[in-house]
Amino acid sequence: SVNAVNAFQIILGLSLGARINYEKLTEIRKLLIPSLVIAIWTLLSTAGMTIWIYHYTPDIATALFSAAPGGISEMTVLALAYNSEVPIVSTYQFVRLVVIISVVPLIAKWVKERERMQGLNENPLPGGQSSGSEKQPDQDLSLWRQLPLYAIGIIGGIILLALNFPGGGVIGAMVALAAVN
């Protein structure tokens, strides 16, 4: 049966799937090897942090959702779905998010300054102008075109939930919507 947690999983999957289209997949293919390296590193570091956090939490699922690199809302929904300790998960995720949004801009500023000092920034356009080569996604989809796409996404989420697939609502809705988007 589809309860509130499952409904939120499907909504999250629809939100993610709506952002994926053929052009995005083409761009992603160019980054396959670096993406795999990042994914492997992320899995290994998440496993290590999960083991460490598990010493301070009541169960392994809580530790995993606390250590996993996801948004507060996404990890909270997953924690709810797996009957984990939501306050602990959301606290770890909040601290992680605050640290990242505090530190990453400083690192980006430092890297940008180093590029500027080393002359690595080749032929920049004045005023931060775009070269115009970036394609803008088609955002003028009519409601009547969007509804069937979202219906397919919802069906995908329900199917994977019915099959008891882990995170089935999110993954099913995302993959189904992305496939037809």
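Some ground rules to start. The model is predicted, so local features need pLDDT of at least 70 and side-chain atom pairs count only at pLDDT 80 or more, while totals for chains, interfaces and linings use all residues. Residues are numbered from 1 along each chain as its sequence is written, and side-chain values use heavy atoms, with hydrogens and water left out.

I begin with the overall fold. The chain has 8 helices and 0 strands. Of the 181 residues, 24% count as buried. Buried means under 20% relative accessible area, exposed means over 50%, and partly exposed lies in between, using a 1.4 Å probe and protein chains only.

Next, the core. Which residues make up the largest nonpolar core? There are 7 of them: Phe65, Ala68, Met75, Leu78, Ala79, Val86 and Val89. A nonpolar core here is a set of buried Ala, Val, Leu, Ile, Met, Phe, Trp, Tyr and Cys residues joined through side-chain atoms within 4.5 Å. H5 and H6 each supply at least two residues of this core, and H5 gives the most, with 3. As background, nonpolar side chains in soluble globular proteins tend to be buried together.

Phe65 also takes part in the 1 aromatic pair of the model. Its partner is Tyr82; the ring centres are 5.6 Å apart and the planes are at 45°, so the pair is tilted. The rule is that rings of Phe, Tyr and Trp (its six-membered ring) pair if their centres lie within 6.5 Å, with planes under 30 degrees apart called stacked, over 60 edge-to-face and the rest tilted. Phe65 sits in helix H4 and Tyr82 in the loop between H5 and H6, 17 residues apart, and the pair links distant parts of the chain. Phe65 is buried because its relative accessibility is 9%, whereas Tyr82, at 38%, is partly exposed.

Helices H3 (32-54), H4 (60-67) and H5 (72-81) are the elements that give two or more residues to its lining. By class, the lining has 8 nonpolar, 2 polar and no charged residues.

Last, the salt bridges. How many does the structure hold? It holds 2, a salt bridge being a side-chain nitrogen of Lys or Arg within 4 Å of a carboxyl oxygen of Asp or Glu. Lys112 bonds in this way with Glu115, with the closest N and O atoms 4.0 Å apart. Both lie in helix H6 (residues 86-118), 3 residues apart, about one turn. In the other bridge, Arg116 and Glu113 come to 2.7 Å, and these two are also 3 residues apart in helix H6. Arg116 is exposed at 54%, while Glu113 is partly exposed at 37%.

Methods
Helices (H or I, at least four residues) and strands (E, at least two) are DSSP runs, numbered from the N terminus. Ala, Val, Leu, Ile, Met, Phe, Trp, Tyr, Cys and Pro count as nonpolar, Asp, Glu, Lys and Arg as charged, and the others, Gly among them, as polar.
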